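Let's take a friendly look inside a protein model. Keep the sequence and the 3D view at hand as you read.

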Amino acid sequence: MPLENLNQEPVKVVAVSPEVNKELLNDYKAEKSGWYYAGMTKCLMPSKYKNEVNNFLDCAVRDDDIWISTFPRSGTTLTQELVWLVKNNFDFETAKTVNIWERSPFLEISLLFHEKTKLMFLKENENNPQNRQIIENMSHPGYLVVESKPSPRLIKTHFPLSLLPRGVHKKNCKIVYVARNPRDVVVSYYYLLRTWRTTNYVGSFSQFWKQFKEGHVPWGPYWSHVLEGWAHRKDPNVLFLFYEDMVKDLENAIYKVADFLSIPAPADKVKALAEHLDIKSFSKNSAVTFESLKSVGILEKDGKSFVRTGAKREKPEGLNDEIENDIVKWIKENYEKTDLRFPA
């Protein structure tokens, strides 16, 4: 389906079954009301989306926008930093001093701030006006936040292509889509949802894997999300990248992005950017690690780092041989439905 026709029909938002809702509310302590399916792929969304769906779909889009769409934990922040620096003349000074969420806003982050959870954060910070302002800023509707940003805008989203603002497809904005092997996504995503108190996931890894497999994780199901991006990889305004290829050869990824955006990329700047993005440097960059949110209480103070291990494969407690084999089997079953193959 052409991109301009991808999400022009009304998006239906329906409640998940009572059984699934009960399970998810029990595991995601920060969502207080309920969970919903959005669109034909039944993308899982928290309760705030139900009343704001059209605000996101009708969000004002500009011709020179660049949109980064990924399933969560697929190299989104790395891609944001890469694209922002290429687009902004390799301005490393600003990239190290201005937070990534200010330079590249996350369209739907406000959906994760249930009103009761937001009030909890505000109460915890009642004597800290600066922290309270951070909470207010992050919970402010993303479709209003991006409207206030000057052009050219770099916008991050975890919405699949079919749930992006309609204007993205009509105006042929640039879209960078990044996919990552689901075996690594599920592990990284599990840690993320346990660390961010805006979700406060309390289930075990085996429970999370079951939900991930069934599509019952925020922005799931995984395969429909990735395959929408894959289906449009040859469109002139879409750049489809594999996270594994990016971290294996950062310089090549930088050249690909620069070529896609029609921006010159001097070799010395590309080398410097590759060093900037290397996990050893990237994990220590406070402008992308969100460490400041620990003092606000949005991130667990003793939780794992937002920027984690890069390409290094992790094995969390609970990932036994049975689950590992089930993941391999699940990937093979889905490979039978597509020609998409993740790099080794």
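Predicted model: local features only at pLDDT ≥ 70, side-chain atom pairs only at ≥ 80, totals over all residues.

Residues are numbered from 1 along each chain as its sequence is written, and side-chain values use heavy atoms, leaving out hydrogens and water.

The largest nonpolar core holds 113 residues. Such a core is a set of buried Ala, Val, Leu, Ile, Met, Phe, Trp, Tyr and Cys residues joined through side-chain atoms within 4.5 Å; buried means under 20% relative accessible area, with a 1.4 Å probe and protein chains only. Tyr49 and Phe159 are among the residues with the most contacts inside this core. Helix α10 gives the most to it, with eight residues.

Leaving aside neighbours within four places in sequence, the contacts of Tyr49 (heavy atoms within 4.5 Å) include Val11, Phe56 and Phe159.

Now for the helix pairs.

| Pair | Axis distance | Angle |
|---|---|---|
| α10 (residues 182-195) and α11 (residues 205-214) | 10 Å | about 120° |
| α14 (residues 250-260) and α15 (residues 267-277) | within 9 Å | roughly 120° |

α10 and α11 are therefore oblique to each other. In α10, Tyr189 is one of the residues meeting α11, whose side of the contact includes Trp209. The residues of this contact are eleven nonpolar, no polar and no charged.

Terms used:
Buried < 20%, exposed > 50% of the residue type's maximum accessible area, 1.4 Å probe, protein only. Helix = DSSP H or I, 4+ residues; strand = E, 2+ residues; numbered from the N terminus. Axes fitted to C-alpha atoms, helices over the stretch in contact; angles between N-to-C directions. Parallel < 35°, antiparallel > 145°, perpendicular 65-115°, else oblique. Nonpolar A, V, L, I, M, F, W, Y, C, P; charged D, E, K, R; others polar.
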